[in-house]
Amino acid sequence: MVHGAFLARTRGAVHGRALGLEDGPGGYAMTDFAATKGLFDLPPGLVYLDGNSLGPLPKAAPARMERAMREEWGGMLIAGWNRAGWMQQPRALGDRIGRLIGAEPGHTVVGDTLSIKVFQALASCVALRPEQRVILSDTGNFPSDLYMAEGLVRMLGGRHELRLVEPEAVEAAITEEVAVTLITEVDYRTGRRHDMARLTAKAHQVGALAVWDLAHSAGALPVDVSGGAADFAVGCTYKYLNGGPGAPAFIYVAPRHAHEAPPALSGWLGHRAPFDFELSYAAGEGIDRMRVGTPPVLAMAALEAALDVWDGVDMGDLRRRSLELTDRFIAGVEAACPALELVTPREHERRGSQVSFRHPEGYAAMQALIARRVVGDFRAPDIMRFGFTPLYIGEAEVDRAVEIIAEVMDGRLYDDASYRTRAAVT
């Protein structure tokens, strides 16, 4: 657990502050990022710029999982569902995440995977808008979201259409044919950020619903699903939220839909009375109807430890710091490495918390960087991607990364056959 003094000093309006608001000597509350860095277990000397793909290990997670395994599972056995609160964990953790994304209490739940949550949200929206037949998304969206939409269209007998447009064309493409927009706020390759409130307002003007994918937003920047009038929102917890590999996803349902959204995946734990063992399905109340299968108790224990870190973080501070670090990184790399082409927007309002550069030898160059202990990742066909998490990244790490990138690019150190062999995960 995070020490109480640290929490008391920094706890506050986690999702409600924009950059440069009140409370601190510089005009903003002061989150102690030196303290948060100490809460993660990172290998010495490693510059980890891949938290947008998998967050590092919170130091408290092993002990929390050990307790879940030995004291709860080992000591309580099946009684853990009641005595240790396992059955209530999806709602409790959902509310903790909900606080980070501007959700109303009681309207976010954790469980299953992001792909499943995307499918649930889309299917509910299509059912709520039966006269409109288009699911609208963009070509910058993560492919898994699009695959789930394609599968839903097939299951609906081809009467619906998944329509893809370029990211810049989304707003103009929101017409009265559209039942639902499926937009990932921050593009996983380029870091380009959509104006979600604006797109959602346009969707509502034509009678459509809006699903926000927050995979690269939750824990990366301030989000306000309530203020932005999102109908549904989904996201994962293993990236910026640091819940661990395979950590469960979350889904948010706006209060206006919570009791009417039809659950396409009518799983046991979404039933109104699971332990009555009725033979036919009756949807639970509110967000409970979006539960599907048995909660992943051990994974949720790790996520619980990870979310403890966020109790001491103000999201406005985090955003301000993220922009400082990404500005510094962009300036340094562009000055030192003219061969790299920036694909991330320079404008703050259009940027998430990652920076991407394009290079024809991007894969090999990234392997050369990793070999020199600067860890980013590669996205086809030619994107070198670097994620920035102020919880454990500061100026020293940025400057070291720029130095190593310059060495690799200037010396063509990537021109080595060993760096060209593609691993299963890039």
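First, a term I need: two strands count as paired if DSSP finds at least two bridges between them. Also a reminder to myself that this is a predicted model.

**Entry 1**

I found an open sheet of four strands, in the order 11-12-15-14, with antiparallel pairing. Which strands are at the edges? They are strand 11 (341-342) and strand 14 (377-379), and each of them pairs on one side only. Strand 11 is joined to strand 12 (residues 354-358) over two bridges, in the antiparallel sense. I also noted that Glu341 stands opposite Arg358 in strand 12.

**Entry 1: helix 12 and its neighbours**

Next I followed helix 12 (residues 362-371), which lies across strand 14 and strand 15 (383-387). Its direction is at about 40° to strand 15. Helix 12 also packs on helix 13 (residues 395-410), at an angle of about 130° and with the axes 10 Å apart. That angle makes helix 12 oblique to helix 13. The crossing of these two is right-handed. Who touches whom? Ala365, Ala368 and Leu369 in helix 12 meet Ile404, Ile405, Val408 and Met409 in helix 13. I sorted this contact by class and got seven nonpolar residues, no polar ones and no charged ones.

**Entry 2: helix 5 against helix 10**

Then I checked another helix pair. Helix 5 (residues 89-100) and helix 10 (residues 297-310) pack at an angle of about 30°, and their axes are 11 Å apart. So helix 5 is roughly parallel to helix 10. Helix 5 passes helix 10 in a left-handed crossing. Among the residues of helix 5 in this contact are Leu93, Arg96 and Ile97, and those of helix 10 include Met300, Glu304 and Leu307. By class, the contact of helix 5 with helix 10 holds ten nonpolar, one polar and four charged residues.

**Entry 4**

I looked at which way the side chains go in strand 9 (residues 232-235). Phe232 and Val234 point one way, Ala233 and Gly235 point the other way, and all are buried. What does strand 9 pair with? It pairs with strand 8 (residues 209-213) in the parallel sense over three bridges, and with strand 10 (residues 250-253) in the antiparallel sense over four bridges. Phe232 turns up in both pairings: Phe232 is the bridge partner of Val211, and Phe232 stands opposite Val253 in strand 10. A note on what holds such pairs: strands of a sheet pair through backbone hydrogen bonds, either parallel or antiparallel.

Last, the loops. The peptide bond from Ala380 to Pro381 is cis, with omega near 5°. Pro381 is in the loop between strand 14 and strand 15, back in the sheet from my opening entry.

I also looked for positive phi outside glycine. Leu77 has a phi of about 55°, and this residue is in the loop between helix 3 (61-76) and helix 4 (80-83). Is Leu77 buried or exposed? Leu77 is exposed, with a relative accessible area of 53%. Phe277 has a positive phi near 55°, and lies in the loop between strand 10 and helix 10. Phe277 is exposed too, at 55% relative accessible area.

Conventions
Residues numbered from 1 in each chain as written. Predicted model: local features only at pLDDT ≥ 70, side-chain atom pairs only at ≥ 80, totals over all residues. Heavy atoms only, no water. Buried < 20%, exposed > 50% of the residue type's maximum accessible area, 1.4 Å probe, protein only. Axes fitted to C-alpha atoms, helices over the stretch in contact; angles between N-to-C directions. Parallel < 35°, antiparallel > 145°, perpendicular 65-115°, else oblique. Left-handed = near helix turned anticlockwise from the far one by under 90°. Contact = heavy atoms within 4.5 Å. Nonpolar A, V, L, I, M, F, W, Y, C, P; charged D, E, K, R; others polar.
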